[in-house]
Amino acid sequence: MWQAEVRVDLDAIEHNVRLLRAMTRAAAPAGSHGAEVMAVVKGDGYGHGMLAAARAALRGGATWLGGCTVGEALRLREAGITAPVLAWLMSPGVPLDPAIAAGVDLTAASAEQLEEIVGAARRTGTPARLHLKLDTGLGRGGAPAGEWPALCEGAAKAQADGAVEVVGVWSHLACADEPDHPANDAQLAAFHEGLATAERCGLTPRYRHLANSAATLTRPDMHFDLVRPGIACYGLSPVPGLAVDLRPAMTVRARVALVKRVPAGQGVSYGHTYHTRAETTLALVPLGYADGVPRAASDRAPVRLGGVNRLIAGRVCMDQFVLDCGDDPVAPGDVAVLFGPGDDGEPTADDWAAAAETINYEIVTRFGSARVPRVYSGQSPERSEAESVGGSA
Ligand SMILES: *Cc1c(COP(=O)(O)O)cnc(C)c1O
C-alpha cells in the first residue's frame, strides 16, 4: 500500500505538446509547416521525470528536446532517445567529447566556449553541432552584443575548418510572461539584428529560436523555426489567466498517517504558529520539505481531504504536516491531495505557488525528490518502478 506519490499523467504531456505544435502550425505563413517544438525537459522534466516526459513529448509531436546541462542531454541519449537534443549551460572543463560523440547539440556563448567545443570536436573527429547564443537583453546567458560579431566570425571559421556545423542561433526572453512588457519587443529587435550579423558572417543556421512557453502561447511573431516550451508541456501556464487548453500533468497526494482528537488551544507543529480554536480532529500527512513541500507553505497552502480544501495547520516539517479537520470524519489512510489538475476541486500548483509566494515552475520541480515514488498514467505508461527512485510505496 502506498504512503505518498507523485502521479504524472503522460497523456496530458502528450496533449499539451500536440496543442503547442498546433499553435505553431496555425501561426505559420502559408506554405510553411510552422516552428518545430523543442520540449524542455531540464530539472528532471520539471519534476515529472525527464525520460518519461521526453518520450511523452515526442509522442505529442516534439521533434527536439532541451536538456540544459550536458549531463541531462547524455542521459537522454543513454536512454536510447535519438531526437535532436540541445544543451546550453556548461562550465569550463566539463567533458564535451562524449556529448559530441553522442550527437548532442551544444551552445557557445563566448569565444572560450567555442574553443572548448572546437577542441572536443577535433579530438572526437566529428563536427560538433553548434548553436550560438546571443544575449538580447535577459542579462544572464548568451554573448553580449559587443562580443557577438567576433563569436559569429569565429564560428564561421570553425565551420569552414570542418570542426563545427552551425545549426542554430538563439536567445532567451526575460519578460515573456508579461506579454505587454516593452522588453519583449526590444529583445525581438535585438534578435533580428543578431541574426543579420550572423548572416553577414556567412552563417545560415537552419534553426533560429527565441520563444519559451509564454512566447509560444502569446507571440506567434517570435516562433521562428523552433520554439522551446517547458512549463506549458507540463500543463501549467507561465502567464496567469491565459485561456488555453493546457492539462496539468502532476498530482501530489499522500495517505493520512494518523488522526487524533485534541482540545481547544492546542499548539500545532514546531513553534506553535497555529493553535486550535475548539476541540478538533488533526490529521497527519506524511509529506514534508524533504519531499518538496515548501516550508513557506506553512499555515498557508491548501490541501484537499475528505472533500474539503483546508489550509495546512502550523509549520511544514521535513517529513510531515498537519491538517485541522474540525469535526469532519477523517480516518487514517484517507487520501490528502496537495495539488492536481483541479478537476475534482483539489488545489492546483498555481494555488500552491500563490500560497508559497513562488511560481508554479518551482512547485512542480520540487517534487522530484528521491523519497516519493513517481507513478505514471497514460496511454503508454512508463514502467513506474524503473523511473521512480526508491520510496517505500
Ligand atoms: C527553461 C528554459 C526554457 C523553457 O522555459 P519555460 O518558461 O518553462 O517555457 C526555454 N529555453 C531556455 C533556455 C530555458 O532555460
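At what angle do helix α6 and helix α7 pack, and how far apart are their axes? In this predicted model, the angle between the two helices is about 10°, and their axes lie 10 Å apart. Helix α6 spans residues 111-124, and helix α7 spans residues 148-160. Angles under 35 degrees count as roughly parallel, so α6 is roughly parallel to α7. On the α6 side, the contact is made by A111, L114 and V118. Their partners in α7 are L151, G154, A155 and A158. By residue class, this contact holds six nonpolar residues and one polar residue. No charged residue takes part in the contact of α6 with α7.

In the side chain of Y46, an N or O atom is 2.6 Å from a ligand oxygen. A backbone N or O atom of G230 is 2.8 Å from an oxygen atom of the ligand. For I231, a polar backbone atom is likewise 2.8 Å from a ligand oxygen. On its own, the ligand has 390 Å² of accessible area, and the protein covers 94% of this.

Strand β10 covers residues 250-255 and includes R253. Between R253 and A356, the separation is 103 residues in sequence. In space, their C-alpha atoms are 18 Å apart.

Technical notes:
Residues are numbered from 1 along each chain as its sequence is written. This is a predicted model: local features need pLDDT of at least 70, side-chain atom pairs count only at pLDDT 80 or more; totals for chains, interfaces and linings use all residues. Side-chain values use heavy atoms; hydrogens and water are left out. Axes are lines fitted to C-alpha atoms, for helices over the stretch in contact, and angles run from 0 to 180 degrees between N-to-C directions. Helices (H or I, at least four residues) and strands (E, at least two) are DSSP runs, numbered from the N terminus. Angles under 35 degrees count as roughly parallel, over 145 as roughly antiparallel, 65 to 115 as roughly perpendicular and the rest as oblique. Contact means heavy atoms within 4.5 Å. Ala, Val, Leu, Ile, Met, Phe, Trp, Tyr, Cys and Pro count as nonpolar, Asp, Glu, Lys and Arg as charged, and the others, Gly among them, as polar. A polar contact is a pair of N or O atoms within 3.5 Å; within protein, one must be able to donate a hydrogen and the other to accept it, and residues adjacent in sequence count only if both atoms are side-chain atoms. Accessible areas come from the Shrake-Rupley method with a 1.4 Å probe; for residues, only the protein chains shown count as cover.
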